[in-house]
There are 2 protein chains.
Amino acid sequence: MVDMLGRGDAIPLNRALELLDNTTFTKPEIERIPLEDICGRILAEAISSDEDLPHFSRSTMDGYALKAEDTFGVTETLPAYVKVIDEVSMGKTPSFHIARGEAAKIPTGGMLPAGADAVLMFEHSQPFGGHDIEVLKALAPGDNVIHKGQDISKGAALLFRGHKLRPQDMGALAAIGICNVLVYKKPVVSIISTGDEIIPPGRPLNGAEVRDINSYNLSGLLLNNGAMPSRKGIYRDDFNTIYSIVTEAVKTSQMVLITGGSSVGTLDMTGKIIDRLGRPGVIFHGVAVKPGKPLIAGCVDGTPVFGLPGHPAAVTVSFEVFIKEVLRRLTGELQGESGTCKNIIKARLTSNISSQPARTDFIWVKILNKDGELYAQPVLSKSGLIASLVKADGVIEIPADKRGLDKGDEVIVRLF
Amino acid sequence: MVDMLGRGDAIPLNRALELLDNTTFTKPEIERIPLEDICGRILAEAISSDEDLPHFSRSTMDGYALKAEDTFGVTETLPAYVKVIDEVSMGKTPSFHIARGEAAKIPTGGMLPAGADAVLMFEHSQPFGGHDIEVLKALAPGDNVIHKGQDISKGAALLFRGHKLRPQDMGALAAIGICNVLVYKKPVVSIISTGDEIIPPGRPLNGAEVRDINSYNLSGLLLNNGAMPSRKGIYRDDFNTIYSIVTEAVKTSQMVLITGGSSVGTLDMTGKIIDRLGRPGVIFHGVAVKPGKPLIAGCVDGTPVFGLPGHPAAVTVSFEVFIKEVLRRLTGELQGESGTCKNIIKARLTSNISSQPARTDFIWVKILNKDGELYAQPVLSKSGLIASLVKADGVIEIPADKRGLDKGDEVIVRLF
């Protein structure tokens, strides 16, 4: 069905996501980078260890290395006695052997000498004249020892391809001697601002000009999601002008975002440009969401191209709901269970919200903490106001099959 | 009370945090940076707007600007008629005036012409021969219009000092013409690795050497928390050597982390160095937490200095619980309600965990999602293993007054 302005029906949110999911985008490229730069990057190789960690059995305590059998049956009132024959130095391989009735002083992290199989903590010993000590506690073999390969064993899988690298992963890679890592290149995303009325933020306003809000909002969203924004500037609402800059952007970046087309004519023009540039062209034009209904999604020979409505709130929703999903595929990230619940919280609504059926509504909320209980307070305002985005802490979704939500309802908030 | 090794009692977690809270650290410095670089930085000035946004009343729809009173009482079956006298161009100040019975075509974002006070959507109009249109819907003044200053009014407070800047804040600042922003400088944090057995990750292992895990783990944690890590290298466990590198680090950075001192002797040495370097010196040495008990916190004339235990798990807990709090003060961030709940989720324990009373225990967990319900599965392992940190998605805390937690208990998980 097409309305009097020639616009087709907006498709449901789920259908739009499904269409994007079924589109093939160009796979990310890879690069090898030094260990110190990997935090937050996406691993492009599976990593297993070429060596045992630790590569020797070591003590987890300051104490005495000995044979556990020398301590069997020992209590504080019925101690055993062993002779301290030597001392283990940090980082050195002990040159001696521990026999029955013998012990060696050992620091935390020291290599267990041959013959010893447990470490008695200093706290559980007493000096007993000469080199002898009293053993005040029974030990089992392996007590206070980390065995060779117990942390990471040689050949064991450590990290999977598509994993987003965290600080502890840097530590683990350092531990097994990996100094360079294969990661996916960050996708470069071109941002093209269009509109005869749009000017850069540094210029004074004349007449009915407005400043370019969206390319800055989008830059930040891209940076926060592992991409490299490339702001291409502001262009007039003219087919040839926009066609030529989009042509160049598709060649030099992994995704193209065209913002500013609030009016029907501009978005139609964006759609025509996407269709003309490559296959499959426009994937959908119009989604039953508010804000953000006029969104255009397309693909030009493997490169995703989005035509975004002009309102800042619509841009943010389009990004959070659609662009982020596509971007994740361009970054190569495969999310684990916990990745999907980061920055997602549950809170109770502080007031009723009504919503139109057959449309997914996104409502900005402010989070309030009352005695440890979290509440979501809707930030109500006319569509498109940037101030409401600034006041909000996150967004909630009212599904298309609901006519609204009630005060006290538990809602899921995406924080941003 | 001092034990047989000369160690004092470990203080409770709350007391340790209170002592840090009561210590005065040097305030962060400020710098002015361009708008495109502010994402994630901490604002060092309060920002209010010097102008109205929008600076003119504008249409939120494609339609006709007119006087609302010309539509009063109108229904689809009882339309009104107005004459379209002109058209508003994007970015231009209309040169004409709308009188009773008149209208002008206007695009979304166009400036409302003088005399008009509402916008009729195209959908609610019909052509009616010549320049006349049928009006099919009654409007109230202000319908489909954003008034001058309705988004951000001149003089209104927009962002507070200490706010962590987000993408939408970049958009809002662009909107009101702010191209440079005063932010706090990122604190530089020196990481000093100590230990006779420690070698860099790129070198093959000899004897009982181990690779430097902690300085990489810490680098990542610092990067993720708004700081600039400066790895100073690996130093032998020798008073003068460490004294001299810490002396230099205290002068050239805003925080100093000394890692690797697992053994009592090394930590005592670190404590002595902190005490000798400046006031007030050591704040506490030993906290009743597991892992991470031997932590030393100090302050050298306003610069925080931490002596960290050598186990990677203890390093991570020390960072998450103590260092992060101090770091936030060095970055200048003042957290809002939602900042405190980011990356915090609730989940149910999959098994019982026991814990020692009078000690706060931190347990690594993996997050499982079963039909939308989140579960926290403890990653049990000997203390200090890096692999358990890699397997985990987050950490839970068992308070000092509990003897453990039961399967099915709801726990709060800090994701990392």
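Which residue of chain A comes closest to the rotation axis? Keep that in mind while you load this predicted model and colour it by chain.

**Stop 1: the two copies.** Begin by superposing chain A on chain B. A rotation of 180° does it, with 0.0 Å of shift along the axis and an RMSD of 0.0 Å. The two copies are thus related as by a two-fold rotation axis. Now select A:Asn343 and show its C-alpha: at 2.6 Å from the rotation axis, A:Asn343 is the residue of chain A that comes closest to it.

**Stop 2: the domains.** Next, give each domain of chain A its own colour. Domain 1 takes 13–29 + 186–331, and domain 2 takes 31–49 + 150–184. Domain 3 covers 58–143, while domain 4 covers 339–415.

**Stop 3: the contact.** Select the residues where the chains meet: 86 residues from chain A and 86 residues from chain B. On the chain A side, look for the elements that each supply at least two residues, among them β11 (157–159), α3 (214–223), α6 (312–331), β24 (360–370) and α7 (386–391). Then pick out α2 (167–175); α2(A) gives the most to this side, with 8 residues.

**Last stop: both sides together.** Finally, compare the interface selections on the two chains. The copies meet through the same surface, because 100% of the interface residues of chain A are also interface residues in chain B.

Notes:
Residues numbered from 1 in each chain as written. Chains lettered and ligands numbered in written order. Predicted model: local features only at pLDDT ≥ 70, side-chain atom pairs only at ≥ 80, totals over all residues. Least-squares fit on C-alpha atoms with pLDDT ≥ 70 in both. Contact = placed C-beta atoms within 7 Å. Domains from an automatic or database assignment. Helix = DSSP H or I, 4+ residues; strand = E, 2+ residues; numbered from the N terminus.
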